[in-house]
Amino acid sequence: MIFTTGVSIAIGVVVISSLAAWYNTQKISRDLADIKEKLGISDIEVNKSSFFDRD
């Protein structure tokens, strides 16, 4: 019984932590977009060559 309760609490903490990390990532992404807009930086497509392009 104690083991099951401990595992349930651990899973709950993990789920809440993953949601908090996802939210934080979204917030950082929005903040970076705002900073880019203020600095006048436009999205530039970067064409990186791949190993598979040289086959």
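D31 counts as partly exposed, since its relative accessibility is 36%, and the side chain of this residue meets that of K27 in a salt bridge, at 3.9 Å from N to O. The model is a predicted one, and its secondary structure comes to one helix and zero strands. That helix, α1, covers residues 2-39, and both K27 and D31 lie in it.

**The salt bridge**

- K27 and D31 are four residues apart in helix α1, which is about one turn of the helix.
- Side chains of opposite charge can pair when their charged atoms come close.
- For the whole model, the count of such pairs comes to one salt bridge.

**The helix and its end**

- Helix α1 has 38 residues and reaches 55 Å from its first C-alpha to its last, which is close to the 56 Å expected at 1.5 Å a residue.
- After α1 comes G40, a residue whose phi is positive, near 75°.

**The surface**

- F3, V7, I11, V15 and L19 together make a nonpolar surface patch of about 500 Å².
- One of these residues, F3, has its place in helix α1, and F3 counts as exposed because its relative accessible area is 68%, where the class requires over 50%.
- Across the chain of 55 residues, buried residues make up 0%, a class that is set at under 20% relative accessible area.
- The accessible surface of the chain comes to about 5,600 Å², and 65% of this surface belongs to carbon and sulfur atoms.

Conventions. Residues are numbered from 1 along each chain as its sequence is written. This is a predicted model: local features need pLDDT of at least 70, side-chain atom pairs count only at pLDDT 80 or more; totals for chains, interfaces and linings use all residues. Side-chain values use heavy atoms; hydrogens and water are left out. Patches are made of residues with over 30% relative accessible area and no salt bridge: like charges are joined within 9 Å, nonpolar side chains (Val, Leu, Ile, Met, Phe, Trp, Tyr) within 5 Å. Accessible areas come from the Shrake-Rupley method with a 1.4 Å probe; for residues, only the protein chains shown count as cover. A salt bridge is a side-chain nitrogen of Lys or Arg within 4 Å of a carboxyl oxygen of Asp or Glu. Helices (H or I, at least four residues) and strands (E, at least two) are DSSP runs, numbered from the N terminus. Buried means under 20% relative accessible area, exposed over 50%, partly exposed in between (1.4 Å probe, protein chains only). The expected span of a helix is 1.5 Å times one less than its number of residues.
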